[in-house]
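Visitor: Hi, could you walk me through this one?
Guide: Happy to, here it comes.

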Amino acid sequence: MPAPDADPNLARGVELTEEDRQRIRARYPRGRRGSWVAAALVIAVLLGGWMVWAGLERATPGVSGQLHGYRVVDDQTVVTTVKVHRPDPGVAATCTVQAQAISGEVVGERTFPVSGSTQDTTQEVTLHTSLRATTAILVGCQRT
């Protein structure tokens, strides 16, 4: 039985010349799988790390808010009530509310600092509008 690294043609009684070996190597080059595997592994590790970081960052938002109500006072004024939750009351935050006309056009907007030293704070915010508003929305709250 021939050795595992022996030329299989020798077992059949055919002896290859060096020229034959070079021709065969040129026709059937060895693959470079190792470099592709290493590159794919690096990309997978980086992508996995980014996914974990992004998931943890979004899983615990710093500041969140809810619009609890609004009152259209007159053609130029809307009063909104916003409840803001901050896990850490020491974190500075701002919220933005908008007033919209019946057409959906934004007729007033105000960004205000969140006051209070507790986790849950309710604030009344007055918006001055350019036209009569029919609704108010909370655009969002964020850390500053």
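Guide: Among contacts in the protein with a separation of 6 or more, 59% join residues 24 or more positions apart; contact means heavy atoms within 4.5 Å. This is a predicted model, where local features need pLDDT of at least 70 and side-chain atom pairs count only at pLDDT 80 or more, while totals for chains, interfaces and linings use all residues. Residues are numbered from 1 along each chain as its sequence is written, and side-chain values use heavy atoms, with hydrogens and water left out.

Visitor: Which elements does the protein have, and how do they run from the N terminus?
Guide: The order is α-α-α-β-β-β-β-β-β, with helices (H or I, at least four residues) and strands (E, at least two) taken as DSSP runs.

Visitor: What order do the strands of the open sheet have?
Guide: The 3 strands are ordered β1-β2-β5, with antiparallel pairing; strands pair if DSSP finds at least two bridges between them. β1 (64-74) and β5 (120-128) are at the edges with a single partner strand each, so one side of each lacks a neighbour in the sheet.

Visitor: Over how many bridges do β2 and β5 pair?
Guide: Over 9 bridges, β2 being residues 77-85. Lys83 stands opposite Thr122 in β5.

Visitor: New topic: is Thr96 buried or exposed?
Guide: Thr96, in strand β3 (residues 93-100), counts as buried because its relative accessibility is 11%. Buried means under 20% relative accessible area, exposed over 50%, partly exposed in between (1.4 Å probe, protein chains only).

Visitor: And what does Thr96 touch?
Guide: Not counting residues up to four places away in sequence, its contacts include Glu109, Ile137 and Gly140.
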